[in-house]
Amino acid sequence: MNLIAPSLLAADFGNLEREMEWFNRSEADWLHLDVMDGVFVPNISFGFPVMESVAKLTQKPLDVHLMIVQPEKFISQVRDLGAAVMNVHQEACVHLHRTVYAIHEAGMKAAVSLCPSTPVESLTDIIQDIDVVMLMTVNPGFGGQKFITHSLDKARRLRQLIESSGSHALIEVDGGVNRQTAPLLHEAGVDVFVTGSAVFGAPDPVAEVAALKALTA
Ligand code: DX5
Ligand code: ZN
């Protein structure tokens, strides 16, 4: 599978309607929304009021990436937003199994993200219950960072873990995804490509999404 998920973090926040207009017209599959709390990551982004406004501007599935401590506190708020995917960090969940089940009970797909230094093997005992595993291919907190090359090896190991366990989880990547890195990630078995600066910074974002879609087909 090759789903493209533009990350709103790289948008022009003074022109969200215009950004959502091209997003809706493009081949983009999901809208990726980055929530930061200044605790789990050294930055703060946006919260529910902004996401509620944006949610009204698109019919496409929302992938809400919570870079926050105790994300389980916000399951019903993320559900009320209409999110399709609630994306929590393994490192932020003391009781990940309970949180994954609560996300499912709320009617959403459960995505679990791993920071660059967290091994894929840490998900061995939950992999069959997860819908998406997201590998951070930069350290979370900022857009526009350099892709960590080791992520390719990690994606291959994750693909093996998924196949050997009979899990149906999709592999998503986030950080430094562009025309150079996307084909390599596709080859390593990745299904969902989050991309911020590469598409929002492109002269023609619609064409950039189409190019990434074609390069990962
Ligand atoms: C980083 C965020 C990413 C970010 C990616 O912590 O999780 O979603 O927007 O930005 P790029 O594609 O510019 O690396
Ligand atoms: Zn993200």
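How many nonpolar, polar and charged residues does the lining of the largest pocket have? The lining has 11 nonpolar, 13 polar and two charged residues. This is a predicted model, where local features need pLDDT of at least 70, side-chain atom pairs count only at pLDDT 80 or more, and totals for chains, interfaces and linings use all residues. Residues are numbered from 1 along each chain as its sequence is written, chains are lettered from A and ligands numbered from 1 in the order written, and side-chain values use heavy atoms, without hydrogens and water.

**View 1. The largest pocket, about 300 Å³ in volume.** Of its 26 lining residues, Phe-142, Gly-143, Gly-144, Gly-175 and Gly-176 come closest to the centre. At least two lining residues come from each of S2, S3, S8 and helix H7 (197–200). (A pocket is an open set of points on a 1 Å grid over the protein atoms alone, where a 1.4 Å probe fits, with protein on both sides within 12 Å along at least five of seven lines; lining residues have an atom within 4 Å of a point.)

**View 2. Ligand 1 and its shell.** The space that ligand 1 takes is the largest pocket. Strands S2 (31–36), S3 (62–67) and S8 (192–195) each give two or more residues to the shell. In total 19 residues surround ligand 1 (a heavy atom within 4 Å), with Ser-7, Gly-141, Asp-174, Gly-196 and Ser-197 the closest. By class the shell splits into six nonpolar, 11 polar and two charged residues.

**View 3. Polar contacts of ligand 1 (N or O pairs within 3.5 Å).** A polar side-chain atom of Asp-174 sits 2.7 Å from a ligand 1 oxygen. For a polar backbone atom of Gly-176, the distance to an oxygen of ligand 1 is 2.8 Å. The protein buries 99% of the 380 Å² that ligand 1 exposes when taken alone (Shrake-Rupley method, 1.4 Å probe).

How values were computed. A polar contact is a pair of N or O atoms within 3.5 Å; within protein, one must be able to donate a hydrogen and the other to accept it, and residues adjacent in sequence count only if both atoms are side-chain atoms. A molecule sits in a cavity or pocket if more than half of its atoms lie within 2 Å of its grid points. Helices (H or I, at least four residues) and strands (E, at least two) are DSSP runs, numbered from the N terminus. Ala, Val, Leu, Ile, Met, Phe, Trp, Tyr, Cys and Pro count as nonpolar, Asp, Glu, Lys and Arg as charged, and the others, Gly among them, as polar. Grid points are joined across faces, edges and corners, and a volume is the space filled by probe spheres set on the points.
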